[in-house]
Amino acid sequence: MARVPVPKRLLDALSDDPPGAVRSWLDALPETVERQLAAWELTLERVSTPGGRRGLVALVRQADGTPAALKFPVPGPDAECERAALAHWDGWGAAQLLRADPDTGALLIERLHGTVSLRSLPEAKALLEAAGTVRRLWVAPPEGHPFASINGRTEEDREVLRMLGAGGWTAEARPLTEEALELREALPAEPPEEVLLHGDFRQGKVLAGERAPWLAVGPAPLVGERAYDLARLVLDRYEDLAAGPGPAAAARRRVAKLADSLDVDRDRLRGWSLYRAVEAGLRHAAAGDRRRAELLLEFAGWL
């Protein structure tokens with residue numbers, strides 16, 4: 001059997017990790033995949049490329065010929081949270097978790113149409129289908145769950161945002177950074193609800209399926225209020241919004257429409273959308289992608 005290829009995107013994403021558990025996992029990954037294929041009697045079709053930065057996904061066939069996706073998330077708390085969330089949703093609004101191996105971290109998941117996401121639809125239709133999908137994911141978390149809270153997740157961002165917003169050209173956006181930090185303090189103080197969230201919900205994370213028309217994949221789950229999850233959807237296709245007429249008014253209309261369709265408070269959705277736009281913008285700036293950074297910070301200003 002030919003050695004299982006590890007996608008370059010994953011190699012590049014982990015290339016700067018210091019020697020340790022993750023590097024050892026990466027070095028052993030081809031052999032781990034081969035052992036898992038044999039243990040679960042799977043036939044490898046191909047490894048998905050370019051793939052993601054936090055794991056390897058292989059398209060496989062089960063012993064009875066049923067297609068599936070075999071995923072190996074980068075080991076750590078995030079991998080366990082993804083498994084726990086998929087198991088808890090049990091196919092309701094998300095891809096079905098078929099099997100999990102606690103030793104290798106492997107997840108056997110219902111295969112969806114990876115090349116057909118909600119981004120293939122016109123914007124109005126995509127937002128309608130996205131709203132219907134994310135609504136299903138917002139359920140009570142299981143007892144003894146491993147998921148972080150919104151407060152815990154964003155606590156890690158606080159000093160990062162201060163540092164990224166303090167120097168270089170992004171210092172011009174300091175008022176937005178300060179507003180985002182103030183919102184980060186105020187919004188989690190009195191959360192209106194505590195439900196299980198996808199954490200990274202956007203149109204590209206919703207794929208066409210056979211069992212259901214649209215199902216979510218790739219969660220970064222946490223527990224908190226729905227407005228935080230919905231805020232990432234507000235930012236979707238921000239480049240298209242910026243290129244259209246009246247982008248500021250269009251952005252505010254999107255907030256209002258999504259909030260009303262899912263019974264979410266408009267002000268809280270506006271606040272989390274601004275926060276997530278600034279956070280994403282500053283991270284793109286730090287990565288050297290000034291074009292995206294400027295667009296996201298401009299989007300935040302529209303709100």
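**Figure 1. Packing of helix α10 against helix α11.** Helix α10 (residues 266–286) and helix α11 (residues 290–302) pack with their axes 8 Å apart and at an angle of about 160°. Because angles over 145 degrees count as roughly antiparallel, α10 is described as roughly antiparallel to α11. The crossing in which α10 passes α11 is left-handed. On the α10 side, the contact is formed by Leu-274, Ala-277, Val-278, Ala-280, Gly-281, His-284 and Ala-285. The α11 side contributes Arg-292, Ala-293, Leu-296, Leu-297, Phe-299 and Ala-300. Sorted by class, the residues of this contact comprise 10 nonpolar, 2 polar and 1 charged. The structure shown here and in the following views is a predicted model.

**Figure 2. Crossing of helix α4 and helix α9.** The axes of helix α4 (residues 123–137) and helix α9 (residues 247–261) come within 11 Å and cross at roughly 35°. In this pair, α4 passes α9 in a right-handed crossing. Glu-123, Leu-127, Ala-131 and Arg-135 of α4 meet Arg-254, Leu-258 and Ser-261 of α9. The contact of α4 with α9 holds 3 nonpolar, 1 polar and 3 charged residues.

**Figure 3. The largest nonpolar core.** This core has 73 residues. The residues with the most contacts inside the core are Phe-201, Leu-230, Leu-269, Trp-272, Leu-274, Val-278 and Phe-299. Helix α10 supplies the largest share of the core, 7 residues. Leu-274 and Val-278 of α10, together with Phe-299 of α11, also belong to the helix contact shown in Figure 1.

**Figure 4. Surroundings of Leu-269.** Leu-269 is one of the residues with the most contacts inside the largest nonpolar core. Residues up to four places away in sequence not being counted, Leu-269 touches Ala-227, Leu-230, Ala-231, Val-234, Val-255, Leu-258, Ala-259 and Val-264.

**Figure 5. Arg-35 of helix α2.** Arg-35 is found in helix α2, which spans residues 21–39. With a relative accessible area of 52%, Arg-35 is classed as exposed because the cut-off for that class is over 50%. Arg-35 and Val-206 are separated by 171 residues in sequence. In space, the C-alpha to C-alpha distance between Arg-35 and Val-206 is 30 Å.

Note on methods:
Residues are numbered from 1 along each chain as its sequence is written. This is a predicted model: local features need pLDDT of at least 70, side-chain atom pairs count only at pLDDT 80 or more; totals for chains, interfaces and linings use all residues. Side-chain values use heavy atoms; hydrogens and water are left out. Axes are lines fitted to C-alpha atoms, for helices over the stretch in contact, and angles run from 0 to 180 degrees between N-to-C directions. Helices (H or I, at least four residues) and strands (E, at least two) are DSSP runs, numbered from the N terminus. A crossing is left-handed if the near helix is turned anticlockwise from the far one by less than a right angle, and right-handed if clockwise. Contact means heavy atoms within 4.5 Å. Ala, Val, Leu, Ile, Met, Phe, Trp, Tyr, Cys and Pro count as nonpolar, Asp, Glu, Lys and Arg as charged, and the others, Gly among them, as polar. Angles under 35 degrees count as roughly parallel, over 145 as roughly antiparallel, 65 to 115 as roughly perpendicular and the rest as oblique. A nonpolar core is a set of buried Ala, Val, Leu, Ile, Met, Phe, Trp, Tyr and Cys residues joined through side-chain atoms within 4.5 Å. Buried means under 20% relative accessible area, exposed over 50%, partly exposed in between (1.4 Å probe, protein chains only).
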